[in-house]
Amino acid sequence: MKKILIMGGNQFVGKEIAKNFLEKDYTVYVLNRGTRKNIKGVFFLKADRDNFIEMENILKDIEVDIIVDISAYTEEQVDILHKVMKNRFKQYILISSASVYNNIECTPVNEECQTGENLIWGDYAKNKYLAEKKTIENSNLYNFKYTIFRPFYIYGIGNNLDRENYFFSRIKYNLPVFIPSKNNIIQFGYIEDLVLAIESSIENSDFYNQIFNISGDEYVTMGEFAEICGKVMAKKVAIKYINTEKNKIKARDWFPFREVNLFGDISKLENTGFRNVFSLVQGLEKTYKYNDENDLITKPILNKLEIEN
């Protein structure tokens, strides 16, 4: 029986990964601080991953085949993990972010595009970039195989971020959806496809010591995304566009996305034989159905811009 350690594991992406590997009869360890409920069937390891001593104590008797790291946000965090688990794992899968691309005008971005610090995403992107660098450096130092995934926007059942539900809630209650007037192009990937890509990478030499963009097959504008949400809900969408420059405001003052294009080329991943299962419509249909049946689409609390317009 294979053993997997999931760093995080008790929220959205981590929970879905844990659930998937439990169903595949893996022994699943999840390491987190225990601030949220862990799913049934996993072995819970309670620790603050920033604390070397805690990590060393909780992991001293753990040996696994794979580590999947969802909760790494700094190079220090990955470094502690690699040092503590030295010689007790074979493959390390880091969930990074497409925010590491620092020239997003060069779209669709591919894995060879320039990465590093950028002002749009701030410390988050800088630290993800440094975590990637440390992973590559440590793979040589500690002799393990790495796979790095750079997701764009992940959505789906269990999403803890108010993204697709932001649209669902306004459409359900017949409220207009206010969208920044640049109507940027972005790319969404369904949660189950991300998990499938992770599963496909395990003990697969095509994925060893490689970096991959991961997302859905389609690029859409924010307006098109709103219209697709309305389509899966069988409701008409009222869209209002807001000129942020004219109004001297930022998109993030009211909107769940920055006013910037973020989409990429996933052909390198597809060259391994991987294919997404869900189209954007199919993923949104499944998510909406679940959220609606479980009363997760509540009347939104409107912000000042929505109230005044």
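This is a predicted model: local features need pLDDT of at least 70, side-chain atom pairs count only at pLDDT 80 or more; totals for chains, interfaces and linings use all residues.
## The second largest pocket

The lining of the second largest pocket is made up of six nonpolar, eight polar and six charged residues.

## The largest pocket

Let's turn to the largest pocket, which has a volume of about 1,200 Å³. It is lined by 47 residues, and those closest to its centre are Q11, I70, Y73, Y124 and L161. Two or more lining residues come from each of helix 1 (12-23), strand 2 (27-32), helix 4 (122-142) and strand 7 (153-155).

Helix 1 provides the largest share here, three residues. Sorted by class, the lining of the largest pocket holds 23 nonpolar, 14 polar and ten charged residues.

## Helix 5 against helix 7

Helix 5 (residues 164-172) and helix 7 (residues 222-233) have axes that come within 10 Å and cross at roughly 60°, which makes helix 5 oblique to helix 7. The crossing is right-handed.

On the helix 5 side, E164, F167, F168, I171 and K172 meet M222, F225, A226, C229, G230, V232 and M233 of helix 7. Nine of the residues in this contact are nonpolar, one is polar and two are charged.

## Helix 2 against helix 3

Helix 2 (residues 52-59) packs on helix 3 (residues 75-84) at an angle of about 35°, their axes 10 Å apart. F52, M55, E56 and L59 in helix 2 touch I80, L81, K83 and V84 in helix 3. This contact has six nonpolar, no polar and two charged residues.

Technical notes:
Residues are numbered from 1 along each chain as its sequence is written. Side-chain values use heavy atoms; hydrogens and water are left out. Axes are lines fitted to C-alpha atoms, for helices over the stretch in contact, and angles run from 0 to 180 degrees between N-to-C directions. Helices (H or I, at least four residues) and strands (E, at least two) are DSSP runs, numbered from the N terminus. Angles under 35 degrees count as roughly parallel, over 145 as roughly antiparallel, 65 to 115 as roughly perpendicular and the rest as oblique. A crossing is left-handed if the near helix is turned anticlockwise from the far one by less than a right angle, and right-handed if clockwise. Contact means heavy atoms within 4.5 Å. Ala, Val, Leu, Ile, Met, Phe, Trp, Tyr, Cys and Pro count as nonpolar, Asp, Glu, Lys and Arg as charged, and the others, Gly among them, as polar. On a 1 Å grid over the protein atoms alone, a cavity is a set of points where a 1.4 Å probe fits but cannot get out, and a pocket is an open set with protein on both sides within 12 Å along at least five of seven lines; lining residues have an atom within 4 Å of a point. Grid points are joined across faces, edges and corners, and a volume is the space filled by probe spheres set on the points.
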